[in-house]
Protein chains: 2
Amino acid sequence: MSDDRLYHVDGELVPASEATVSVDDRGFQYGDGVFETMRAYGGEVFEFDAHLDRLADSSETCSLDHGLAREDLRERVHETLAANDLADAYVKLSVTRGSQPGTVTPQPDVDPTVVVYAKSLPRGGREGEDVWDEPATLETVKTRKPATNAVPSDAKTHNYLNSVLARAELFDADEALLRGPDDAVAEGAASNVFFVGPNGLHTPSLDGPVLPGITRRVVLELAQGLDVPVYSGSYSVQAVREAEEVFLTNTTWEVRPVATVDGIDVGGGPVTELLRKRFDRLVEERHYGGADHDADAGDDQPDAGDPDL
Amino acid sequence: MSDDRLYHVDGELVPASEATVSVDDRGFQYGDGVFETMRAYGGEVFEFDAHLDRLADSSETCSLDHGLAREDLRERVHETLAANDLADAYVKLSVTRGSQPGTVTPQPDVDPTVVVYAKSLPRGGREGEDVWDEPATLETVKTRKPATNAVPSDAKTHNYLNSVLARAELFDADEALLRGPDDAVAEGAASNVFFVGPNGLHTPSLDGPVLPGITRRVVLELAQGLDVPVYSGSYSVQAVREAEEVFLTNTTWEVRPVATVDGIDVGGGPVTELLRKRFDRLVEERHYGGADHDADAGDDQPDAGDPDL
């Protein structure tokens, strides 16, 4: 990380190398905070409202009444992007319960700690360079997702050890495939999982311990708009291994094809490519003021012979 | 908290008000660190070796190879106590994975962050003032302990949100009673649970999602030394509510009687009092060079008529 970047810490823009929080901060002591990872394209955050909504949901789930107005948070993100002269960027916004002396029990009177991180992240798309070098390799791990009544799966919090442990298990893969308590596939360590089966596009249901990913939701909407049959349900690891195509979604990866699952080749395919194109077009239309891919419209339908659609 | 206390941060003693970590620290970002809460009596940490052992176990469970020698950690704690002129104290030692740019995946090359917190905590015992004002009230909460294959229950980590959420649920009680995924009683939000039933002393087994508490182990040893029948197993909330006596253990509370469970009076009793006395004597013998309670030896047996022993 370069030292001249500026972070936004509790209302002040400070050099990254000097950006600190108290060791008494509950974010440090207990992981007692919520966050969002976002991506700015052309100076504006993609699905900003959805991220602010989810941050509010995570805060409510954690009984974290931080008292910060939505527009205040939005403004801090904009200030951070502007101060770093960033248009295409990775942005992370964290809000913790701050310091509360002496007890695990959260106190209602909160002086929150607010941190905005930003760094350059050039847009990939079909013409740029993707964040990832190549399709992901996926490996099923022993670490399970906690049940949502133990660690709420709908909240994005600084309690991220489950994902750290899952990634630590990987032998030779990019992403971990985690199952829930009932053995069904839940999600990746930092991504949602999709696969294409005989009947259409499948992804684990939010009834399981699955983060309601924003890219996940956008991709589901895109698929529905393309009349791709979409199913969310409970799936075995075997179903993912035997899929025609597998891909992962998250804010930074967008739609990332999966090459192998537990060493078994699955590769990309027409549905994955179609959704990647459509996602890229959505970003183009919303953030760069155009739909410069009209010439490719003919590519946007899957091959006629594709049995999956 | 007083501003003139000194914390020990990465090898330096700094005023508590200036003790900070980078916002890039994985302890802050992911709760990716381990800790021990300890108590010093008469200048020496109670069960220091056991705490250092457990810190090593927690680190191993988290694949956190911090590279710090045991004696180095011990020395930092001693330095912190000495710098604050503390003999009877609360001490917390945290070791995190430090800063590792750019990815959730833990990297093997660790520059750990080490923080030692200390504050005065006068010894309670039978003659001093206890840390707690009165017996605890205990309330069963909806938040469950995660399964140990999701969040390892034998590791004490900065992922403490589960306990925070459990405490946040409390309506009018001091401590939360958490069940595991199988409905059996696991532990308190920050304590182990014991109860006295018709046959002797009971505590949830470490086969469940239960922290191997150091005070828990010491109390079990004391009970065995007193020929109190001891059982660890799987228990329902109802068994705790119907118990003759209930108490909680942790490093700061030592042995704390429970007055009520879900509003049902259980109160203390002879076994709890006996174990409190024996615990206090152990501290006296080990840390203050004497056994000044010999005159009370006659009190150390439960009442002859007590059906519980």
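Predicted model: local features only at pLDDT ≥ 70, side-chain atom pairs only at ≥ 80, totals over all residues.
**Aromatic rings**

- A quick bit of background: two things describe a pair of aromatic rings, namely the distance of the centres and the angle of the planes.
- Are A:Y30 and B:Y160 buried or exposed? Both of them are buried.
- B:Y160 also pairs with B:F35: the ring centres are 5.7 Å apart and the planes are at 70°, so this pair is edge-to-face.
- B:F35 belongs to strand β4 (residues 33-41) of chain B, while B:Y160 is in the loop between β8 and α4, so their pairing ties together parts that are 125 residues apart in sequence.
- B:F35 has a relative accessible area of 3%, so it's buried. B:Y160 has 13% relative accessibility and counts as buried because the cut-off is under 20%.

**Salt bridges in chain A**

- A:D32 forms a salt bridge with A:R26, and their closest N and O atoms are 2.8 Å apart.
- How much of this pair is accessible? A:D32 is buried, with a relative accessible area of 1%, and A:R26 also counts as buried, at 1% relative accessibility.

- B:D49 meets B:R70 in a salt bridge, at 3.3 Å from N to O.
- That pair links distant parts of the chain: B:R70 is in helix α3 (residues 70-83) of chain B and B:D49 is in helix α2 (residues 48-61), 21 residues apart.
- B:R70 counts as partly exposed, at 31% relative accessibility. B:D49 is partly exposed too, with a relative accessible area of 42%.
- B:D49 has another salt bridge, this time with B:R74, at 2.7 Å from N to O.
- Since B:D49 lies in helix α2 of chain B and B:R74 in helix α3, this pair ties together parts that are 25 residues apart in sequence.
- Is B:R74 buried or exposed? At 16% relative accessibility, B:R74 counts as buried.
- Over in chain A, salt bridges that share partners join A:D49, A:D53, A:R70, A:E71 and A:R74 into one network.

- Which residues form the negative surface patch? They are A:D10, A:E12, A:D109 and A:D111.
- A:D111 has its place in the loop between β6 (89-96) and β7 (113-120) of chain A.
- With 61% relative accessibility, A:D111 counts as exposed, because the cut-off for that label is over 50%.

**Positive phi without glycine**

- A:D227 isn't a glycine, yet its phi is positive, at about 60°.
- You'll find A:D227 in the loop between α5 (214-225) and β13 (230-233) of chain A. A:D227 is exposed, with a relative accessible area of 68%.
- Now back to B:D183: phi is near 80° here, again a positive value in a residue other than glycine.
- B:D183 is partly exposed, with a relative accessible area of 44%.

**A buried strand residue**

- A:T203 is part of strand β12 (residues 200-204) of chain A, and at 1% relative accessibility it counts as buried.
- How far apart are A:T203 and A:A155? They are 48 residues apart in sequence and 19 Å apart in space, going from C-alpha to C-alpha.

Note on methods: Residues numbered from 1 in each chain as written. Chains lettered and ligands numbered in written order. Heavy atoms only, no water. Patch = residues over 30% accessible without salt bridge, like charges linked within 9 Å, V, L, I, M, F, W, Y side chains within 5 Å. Areas by Shrake-Rupley, 256 points an atom, 1.4 Å probe, with all protein chains shown as cover. Salt bridge = Lys/Arg side-chain N within 4 Å of Asp/Glu carboxyl O. Lys, Arg positive; Asp, Glu negative; His and termini not counted. Charge placed at Lys NZ, Arg CZ, Asp CG, Glu CD. Helix = DSSP H or I, 4+ residues; strand = E, 2+ residues; numbered from the N terminus. Buried < 20%, exposed > 50% of the residue type's maximum accessible area, 1.4 Å probe, protein only. Phe/Tyr/Trp six-rings, centres within 6.5 Å; stacked < 30°, edge-to-face > 60°.
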